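User: I want to learn how to read aromatic pairs in a model. Please take me through one.

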Amino acid sequence: MPEMNYRDALNLALKEEMRRDPSVVIWGEDVALYEGSFKVTRGLLAEFGEERVKDTPISENSIVGVAVGAAMGGLRPVAELMTVNFALLAMDQIVNHMAKIRSMFGGQTYLPMVVRAPGGGGSQLGAQHSQSLETYFMHCPGIHVAVPATPADARGLLKAAIRDDNPVMFLEHELLYNSKGEVPDDPESVIPFGKADVKREGKDLTIVAYSRMTILALQAAEELAKEGISCEVVDLRTLTPLDTATFTASVKKTGRAVVVEECWRSAGLGGHLAAIIAEECFDRLLAPVRRVSGLDVPMPYSRKIEKLCIPQPETIAAAVRETLSGTY
């Protein structure tokens, strides 16, 4: 399989789906002439023209709202928000329209649209541009939420999102764009939503993670292996639908779980996952479920302090050791 970075894998998915289906269109701020803030839409205007690749005004509510109308009218729009933080300006369209129209019309229409949005912390972009807002969207019924961690998953899940008849929030971590990995060269290699992936097999403890935290969890597992600790790492890949069966089966096998999330701990996704594990695996647990989360603070600009606010491989490894030793 060819190796490529996360950014190019997303770009390839967009090109392949636009070639396959003429109803796929793209718009957002600087996606055409500038080819995207993170260059994910590079070459699309040149190949597909301005009728299918459009720059928009700086108006996130309009970007999503127009996509909702276009999807109802028969197109498959892929709207790009410059960062997920700007999705807060479009929450009325996302929550009150994009998520609800299909059910409010009794299933007489559907909404095949994708909102791509980079996010996450670690780039010294300050409190307003470093947020992980996945739980906001996961909390709202009617929206699928995808959070790919690897180039192969980014391509396969984006292709699935574009082909899906339901609206999808497609969340890309900004620090993953340059990460590399093997990507299948089959253009029909599509990863279905709701299928978590066991990225590393193990027997002592299960680490449940998603997006960039999957990569850090794998790094922690690699270090722990040198101490004789065998961790299984489960990458959720999509948060809605959530593949409960895969991570609970892993926890039942290992008997212990650490849940890792970059978002804030209070009312975060980790609490939801821990509750599911408690409900489904209680009689198989050998230790309480441990959460490793982002700190409940606005993200600081200082690189050193920012790093303290985001889970690191060292903090994940420490949580694993504490869980195994029973000191938690």
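User: How many aromatic pairs does a search of the whole structure find?

Analyst: A pair of aromatic rings is described by the distance of the centres and the angle of the planes. Rings of Phe, Tyr and Trp (its six-membered ring) pair if their centres lie within 6.5 Å; planes under 30 degrees apart are stacked, over 60 edge-to-face, the rest tilted. Here the search finds two pairs. This is a predicted model: local features need pLDDT of at least 70, side-chain atom pairs pLDDT 80 or more, while totals for chains, interfaces and linings use all residues. Residues are numbered from 1 along each chain as its sequence is written, and side-chain values use heavy atoms, without hydrogens and water.

User: What kind of pair do Tyr6 and Tyr177 form?

Analyst: Edge-to-face, with 5.8 Å centre to centre and 75 degrees between the planes. Tyr6 lies in helix H1 and Tyr177 in the loop between strands E7 and E8, so the pair ties together parts 171 residues apart in sequence. Helices (H or I, at least four residues) and strands (E, at least two) are DSSP runs, numbered from the N terminus.

User: And what kind do Phe38 and Tyr177 form?

Analyst: That pair is stacked: 4.8 Å centre to centre, 25 degrees between the planes. Tyr6, Phe38 and Tyr177 form one aromatic cluster.

User: Is Tyr177 buried or exposed?

Analyst: Buried means under 20% relative accessible area, exposed over 50%, partly exposed in between (1.4 Å probe, protein chains only). Tyr177 has 1%, so it counts as buried. Phe38 has 23%, so Phe38 is partly exposed.
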